[in-house]
Amino acid sequence: MQTNTRLGIALMSLTMLIFATQDGLSRHLAETYNVMMIVMIRYWFFAAFVIAIARRQAGSIRAAAATKQPIVQTLRGVLLALEINVMVLAFVLLGLVESLAIFASYPLLVAALSGPVLGEHVGWRRWAAIGIGFVGILMILQPGIAVFSPHALVALTSALMFALYSLLTRYAARKDSTATSFFWTGTVGCVLTTGLGIGFWEPMTGPDWVLMGILCVTGATGHWLLIKTYEVAEASAVQPFAYLQLVFGSAIGIFVFAEVLELHVAIGAAIVVAAGIFTLLRSRA
C-alpha cells in the first residue's frame with residue numbers, strides 16, 4: 001500500500017477531534033450517572049465493533065482470539081478498561097483542560113519505561129526531553145488549582161496506566177497480530193467493565209440515551225479512523241498530531257463547560273507537548 005502522509009495527518013486530526021468530542025460527552029454523562037456504568041455501556045458497543053473488525057481481518061473469531069500470550073493480552077485489556085474509568089473520573093473531578101494537559105505526559109512515560117519494560121535503549125537526548133517534560137507537568141501541578149491534590153493524581157494515574165498499556169501493546173505485537181490484540185482489548189474490557197458497572201445501573205433519560213448513543217458511535221468511529229490512519233501513513237509521521245486531542249479537548253472544556261485555562265497549565269502543557277514530540281522524533285531517528 002502506498003504511503004500518503006498528508007492523508008494520514010488529516011485522518012489523525014479528525015480522529016483526535018472525535019476522541020475529544022467523546023471526552024466531552026463522557027464528562028457530561030459522568031456528572032449525572034455513575035462513571036462505571038457509562039464506561040460499561042461504551043464497552044458493550046466497542047466490543048461488538050472490535051469483534052466485527054477482528055473477525056474481518058483475521059478471518060474468524062477463533063483466529064482473532066488465538067494468542068501465545070493470553071496473560072499479556074488479558075493484562076492489556078484490564079489496564080485499558082481501568083484507565084478509561086480513571087480518566088473519565090478525572091474529567092469530572094478536574095475538568096477536561098487540566099486532565100488532558102496532565103494526560104499528555106503519557107508518551108514521556110512510555111519513553112521513560114521502554115527501557116526497563118521492553119529493554120529498549122533510551123539515549124541521553126530523550127532522557128533530557130523526558131526530564132524537561134516532567135518540569136512541564138510540575139508547572140501544571142504547581143500551587144493554584146490542583147496542588148498535588150488527589151484530583152490531579154487521578155489524571156496522572158490515568159496517564160501512567162495508558163503508558164503501561166501502550167508498552168504492553170508493543171510487547172504483544174512481537175508475537176500477535178493487530179487483529180488479535182484488538183480483539184482481546186475489546187472483549188476483556190467488556191467483561192471487566194460489565195462486572196464493575198452492572199451493579200451501578202440506573203435509569204437514563206431519553207436525551208441522555210441519545211448522547212450515550214453518540215458517545216458509542218464516536219468511540220467506534222474514532223478507532224476505525226485510527227486504523228485507517230496507520231494503514232495510509234507511517235505511525236512515526238502522524239503520531240505527533242495525536243496531541244491535537246489536547247487542543248480540541250481543551251477548547252470543548254473552555255467553550256462548552258466554561259472551564260478556565262490557567263497560564264501555568266498552558267505553559268506546562270506546551271512544554272510537555274514539545275518534549276513529547278521531540279521524543280517521538282528521536283525514536284524515529
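Author: The model is a predicted one. In it, Leu 108, Leu 109, Ala 111 and Ala 112 of H6 meet Trp 127, Ala 129, Ile 130, Gly 133 and Phe 134 of H7. The residues of this contact comprise 8 nonpolar, 1 polar and no charged.

Reader: How are the axes of H6 and H7 placed, roughly parallel or oblique?

Author: The axes of H6 (residues 106-118) and H7 (residues 124-140) come within 10 Å and cross at roughly 140 degrees. Angles over 145 degrees count as roughly antiparallel, and those from 65 to 115 as roughly perpendicular. The crossing of H6 and H7 is left-handed. The two helices are therefore oblique.

Reader: How many charged residues are in the contact of H4 with H5?

Author: The axes of H4 (residues 70-94) and H5 (residues 96-103) come within 7 Å and cross at roughly 140 degrees, which makes H4 oblique to H5. On the H4 side the contact has Glu 83, Met 87, Ala 90, Phe 91 and Leu 94, and on the H5 side Leu 96, Glu 98, Ser 99, Leu 100, Ile 102 and Phe 103. By class, these residues are 8 nonpolar, 1 polar and, as asked, 2 charged.

Reader: Which residues is Phe 49 in contact with, leaving aside its neighbours within four places in sequence?

Author: The largest nonpolar core has 61 residues, and Phe 49 is among those with the most contacts inside it, along with Tyr 43, Ile 102, Ile 140 and Leu 246. With neighbours within four places in sequence left aside, the contacts of Phe 49 are Phe 182, Ala 220, His 223 and Trp 224.

Notes:
Residues are numbered from 1 along each chain as its sequence is written. This is a predicted model: local features need pLDDT of at least 70, side-chain atom pairs count only at pLDDT 80 or more; totals for chains, interfaces and linings use all residues. Side-chain values use heavy atoms; hydrogens and water are left out. Axes are lines fitted to C-alpha atoms, for helices over the stretch in contact, and angles run from 0 to 180 degrees between N-to-C directions. Helices (H or I, at least four residues) and strands (E, at least two) are DSSP runs, numbered from the N terminus. Angles under 35 degrees count as roughly parallel, over 145 as roughly antiparallel, 65 to 115 as roughly perpendicular and the rest as oblique. A crossing is left-handed if the near helix is turned anticlockwise from the far one by less than a right angle, and right-handed if clockwise. Contact means heavy atoms within 4.5 Å. Ala, Val, Leu, Ile, Met, Phe, Trp, Tyr, Cys and Pro count as nonpolar, Asp, Glu, Lys and Arg as charged, and the others, Gly among them, as polar. A nonpolar core is a set of buried Ala, Val, Leu, Ile, Met, Phe, Trp, Tyr and Cys residues joined through side-chain atoms within 4.5 Å. Buried means under 20% relative accessible area, exposed over 50%, partly exposed in between (1.4 Å probe, protein chains only).
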